[in-house]
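User: Please take a close look at one part of this model, the hairpin turns and the strands around them. I would like one connected account that I can follow beside the structure.

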Amino acid sequence: MCLAIPTKVVATLDDGMLKVTVGNGPTELTVSGMLLPEEAKIGDYLIVHAGFAMHKMERTEAEESLRLFRELSRAAGDEPTF
């Protein structure tokens, strides 16, 4: 199952690769932007699956999704790290 937690582009790399953070946390991933219909820029929010950016999100949509995931995590007794 994929939860589709929004990621944020923090750097653009060579060959269409992107460095993203998971949510607003410290976890960084390097993902491919080759499947996006348009080039991603620093600050864009993305949905990533299996190492590929699949979809750009509006900032407000991403922030609301992150807020809801944090709320669910707290309700389950965990402190979110994203």
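Analyst: Two strands count as paired if DSSP finds at least two bridges between them. Strands (E, at least two residues) are DSSP runs, numbered from the N terminus. This is a predicted model, in which local features need pLDDT of at least 70 and side-chain atom pairs count only at pLDDT 80 or more, while totals for chains, interfaces and linings use all residues. Residues are numbered from 1 along each chain as its sequence is written, and side-chain values use heavy atoms, with hydrogens and water left out.

Start with the hairpin of E4 and E5, which has two residues between its strands. E4 covers 45–49 and E5 covers 52–57. The two strands run antiparallel and are joined by five bridges. Within this pairing, Val-48 stands opposite Ala-53 of E5. Ala-50 lies in the loop between E4 and E5, and its phi is positive, about 55 degrees, although Ala-50 is not a glycine. Most residues other than glycine have a negative phi. Ala-50 is also exposed, at 64% relative accessibility; exposed means over 50% relative accessible area, buried under 20%, and partly exposed in between (1.4 Å probe, protein chains only).

The next hairpin is that of E2 and E3, with five residues between the strands. E2 pairs with E3 (residues 28–32) in the antiparallel sense over five bridges, and Met-17 has Ser-32 in E3 as its bridge partner. Here Gly-23 takes a positive phi near 60 degrees.

Asp-15 lies in the loop between E1 (7–12) and E2 (17–22). Asp-15 is not a glycine, yet its phi is positive, about 60 degrees. Asp-15 is exposed, with a relative accessible area of 78%.

Thr-7, in E1, is buried at 4% relative accessibility. Not counting residues up to four places away in sequence, Thr-7 touches residues including Val-22, Gly-23, Tyr-45 and Val-48, where contact means heavy atoms within 4.5 Å.

How values were computed
Helices (H or I, at least four residues) and strands (E, at least two) are DSSP runs, numbered from the N terminus.
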